[in-house]
Amino acid sequence: VAITTRLLVSHLSGIRHYEKDITKVKEEKEKANKALKLPKAYQDKEQKEKEGKGIEKTDSVKPRKEHEGEVKSRNSKPGRRDKEFEQEEYYLKEKFESVIESLKIFKNDPLFFKPGDQFLYSTYGFTLLSAVVERVSGQKFTDYMLKMFRDLDMLSTVLDDNEAMIYNRARCYVYNKKGRLVNAPYVDNSYKWAGGGFLSSVGDLLKFGNALLYSYQAGQFKNTNGKLLPGYLKPDTVAMMWTPVPKTEVSWDRDGKYAMAWAVVEKKQQYGCCRQQRHYASHTGGAVGASSVLLILPEELDSEATDTGLVSPPRGVIVSIICNMQSVSLNSTALKIAREFDKEKWAQ
């Protein structure tokens with residue numbers, strides 16, 4: 001079989017995630033798909049039955065129910081363990097000197113499906129992607145990324161290296177089985193730099209989001225008399241990155257599809273005076289003792305704004321949340337914040 005970089009970046013490669021048992025992966029996907037397909041009337045009935053049995057009441061059933069995993073996480077009691085973090089490979093302590101070396105963790109494992117046939121989120125797919133970057137660029141992946149962060153003025157974004165002295169590095173926390181807050185266990189993330197090995201700040205992530213949004217919108221502004229600098233990426237490149245890819249899915253927003261390293265919700269409105277779906281791109285992050293999200297809600301620009309030159313990119317709302325707590329669902333919170341700021345702007 002052939003695995004392309006496009007398949008890797010959209011998680012269609014067939015490379016496993018942390019779970020090695022393909023049967024368990026299939027069972028979990030079937031459960032999730034079944035939950036998403038349940039009609040609202042049945043969801044309401046099921047919810048009432050649960051409440052009648054003395055189970056804690058929640059707000060998890062909405063006109064458009066969020067993904068089952070996010071709902072469970074948001075409504076879980078302290079101490080209830082996330083199955084995702086029961087996987088042993090999250091807690092590796094071995095230090096890898098290069099991304100090529102870290103491929104040994106999964107390189108001999110069978111593919112879960114033929115590349116391109118199905119979606120399966122895979123951190124190791126991004127480890128392989130980082131090895132491709134390393135070979136193509138002719139330099140260490142970590143050096144390549146740190147130079148890029150410097151270009152983007154993200155000076156607080158660094159490798160999560162345990163040995164290095166990193167000023168203002170936050171301590172990470174988890175709930176133990178008894179529901180008590182404890183320090184997160186020691187791990188070494190050198191086996192997955194690309195899929196969860198960098199430390200950053202809210203300010204740096206906002207810079208990253210604005211750089212992408214600027215690049216995305218730069219081509220829409222016409223009469224700038226050469227005053228508008230080019231974006232870090234070409235507009236077509238960002239548009240391609242934010243175009244949904246067939247056969248993909250998104251666990252944290254049922255309206256979304258996966259694109260290229262981003263989850264994307266497209267603009268959509270089926271009926272007048274009814275629910276309107278705004279275009280936005282986002283990605284969540286989960287690590288041992290930490291959770292995060294970066295969400296970009298582009299402003300819907302009209303021709304008057306782009307032709308007159310009275311405004312310039314980036315135009316929209318960027319929301320970044322970093323939490324030093326494991327298994328915190330943040331995407332819905334980020335989207336609510338973005339919508340409030342967007343609503344306030346139009347009200348003015």
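I will start with a term: a salt bridge here is a side-chain nitrogen of Lys or Arg within 4 Å of a carboxyl oxygen of Asp or Glu. This is a predicted model, so local features need pLDDT of at least 70 and side-chain atom pairs count only at pLDDT 80 or more, while totals for chains, interfaces and linings use all residues. Residues are numbered from 1 along each chain as its sequence is written, and side-chain values use heavy atoms, with hydrogens and water left out.

By the salt-bridge rule the count comes to 14. Arg16, Lys20, Glu89 and Asp109 form a linked network of them.

Next, Glu300. Its side chain meets that of Lys267 at 3.8 Å, N to O, and that of Arg278 at 3.3 Å, N to O. Glu300 lies in the loop between S8 and H11 and Arg278 in the loop between S6 and S7, so this pair ties together parts 22 residues apart in sequence. Helices (H or I, at least four residues) and strands (E, at least two) are DSSP runs, numbered from the N terminus.

How accessible are these side chains? Buried means under 20% relative accessible area, exposed over 50%, and partly exposed in between, with a 1.4 Å probe and protein chains only. Lys267 is exposed at 55%, Glu300 is partly exposed at 34%, and Arg278 is buried at 15%.

Now the core. A nonpolar core is a set of buried Ala, Val, Leu, Ile, Met, Phe, Trp, Tyr and Cys residues joined through side-chain atoms within 4.5 Å. The largest has 42 residues, and Tyr124, Leu212, Trp242, Trp262 and Ile296 touch the most other members. Helices H6 (123-137) and H9 (202-218) and strand S8 (290-298) are among the elements that each supply at least two residues of this core. It draws at least three residues from each of domain 1 (1-27 + 82-199) and domain 2 (201-347); the domain bounds come from an automatic or database domain assignment. A second, separate core of 12 residues includes Val293, Leu295, Ala334 and Ala338.

The last two of those bring us to helix H12, residues 331-347. Which of its residues are buried? Asn331, Ser332, Ala334, Leu335, Ala338 and Asp342.

Methods
Expected span 1.5 Å × (residues − 1).
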